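Follow the chain from its overall fold down to a handful of individual residues. Keep the coordinates open as you read.

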Amino acid sequence: MQNSIAVGDTVYIKPGAVYGGSYPSRGAAVPAYMGGYRRYTVGRITHRQGADEAFLSEINSWVALQHLRVI
């Protein structure tokens with residue numbers, strides 16, 4: 001459970017993350033170069049298709065909270 005992530009937080013994307021959202025890219029792997037120590041800002045949080053997801057402003061994409069780590 002990842003209730004510690006909130007709108008406005010800065011996060012890292014964990015290895016093995018996949019895209020969320022309701023677009024055709026849902027379930028596609030987030031490229032490895034987007035993870036590591038790159039920082040992203042949580043713009044919105046929603047619950048979609050059984051998962052809590054965060055909208056990352058810098059990449060304009062949704063990623064499940066389980067794949068994120070707060071800095």
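Read along the sequence, the protein chain runs β-β-β-β-β. The count is 0 helices and 5 strands. Both kinds of element are DSSP runs numbered from the N terminus: helices are H or I with at least four residues, strands are E with at least two. The model is predicted, so to speak of local features requires pLDDT of at least 70, side-chain atom pairs count only at pLDDT 80 or more, and totals for chains, interfaces and linings use all residues. Residues are numbered from 1 along each chain as its sequence is written, and side-chain values use heavy atoms, with hydrogens and water left out.

Start with the overall dimensions. The C-alpha trace of the protein chain spans about 30 × 25 × 20 Å along its principal axes. The radius of gyration is 11 Å, which agrees with the value near 11 Å for a compact globule of 71 residues. That radius is taken over C-alpha atoms, and the globule rule is 2.2 Å times the number of residues to the power 0.38.

Next, burial and surface. Of the 71 residues in the protein chain, 37% are buried. Buried means under 20% relative accessible area, exposed means over 50%, and partly exposed lies in between (1.4 Å probe, protein chains only). The accessible surface comes to about 4300 Å², and carbon and sulfur atoms hold 51% of it. Areas come from the Shrake-Rupley method with a 1.4 Å probe; for residues, only the protein chains shown count as cover.

A contact means heavy atoms within 4.5 Å. Among contacts with a separation of 6 or more, 53% join residues 24 or more positions apart. The protein chain carries 7 positive and 4 negative side chains, and the centres of the two sets are 6 Å apart. Lys and Arg count as positive, Asp and Glu as negative; His and the chain ends are not counted. Each charge is placed at NZ of Lys, CZ of Arg, CG of Asp or CD of Glu.

Now trace the strand pairing. Two strands pair if DSSP finds at least two bridges between them. Strand 1 (residues 10-13) pairs with strand 2 (residues 40-48) in the antiparallel sense, over 2 bridges. Here threonine 10 has threonine 41 of strand 2 as its bridge partner. Strand 2 also pairs with strand 3 (residues 51-56), antiparallel, over 6 bridges. Isoleucine 45 stands opposite alanine 54 of strand 3. Strand 3 then pairs with strand 4 (residues 61-64) in the antiparallel sense, over 4 bridges. In that pairing, phenylalanine 55 has tryptophan 62 of strand 4 as its bridge partner. In a regular strand, side chains alternate between the two faces of the sheet.

What happens in the turns? Strand 2 and strand 3 form a hairpin with 2 residues between them. Glutamine 49 sits in that loop. Its phi is near 50°, a positive value in a residue other than glycine. Glutamine 49 is exposed, at 60% relative accessible area. The hairpin of strand 3 and strand 4 has 4 residues between the strands. Its loop holds asparagine 60. Phi of asparagine 60 is near 55°, again positive in a residue other than glycine. Asparagine 60 is exposed too, with a relative accessible area of 59%.

Two other loop residues are buried. Methionine 34 lies in the loop between strand 1 and strand 2. Its relative accessible area is 9%, so methionine 34 counts as buried. Leaving out residues up to four places away in sequence, methionine 34 touches Ile13, Tyr19, Tyr40 and Ile59. Methionine 34 and glutamine 49 are 15 residues apart along the chain, and their C-alpha atoms are separated by 24 Å.

The last stop is histidine 67, in the loop between strand 4 and strand 5 (68-70). Is histidine 67 buried or exposed? At 13% relative accessibility, histidine 67 counts as buried. Beyond its neighbours within four places in sequence, histidine 67 is in contact with Tyr12, Ile13, Lys14, Gly16, Ala17 and Val18.
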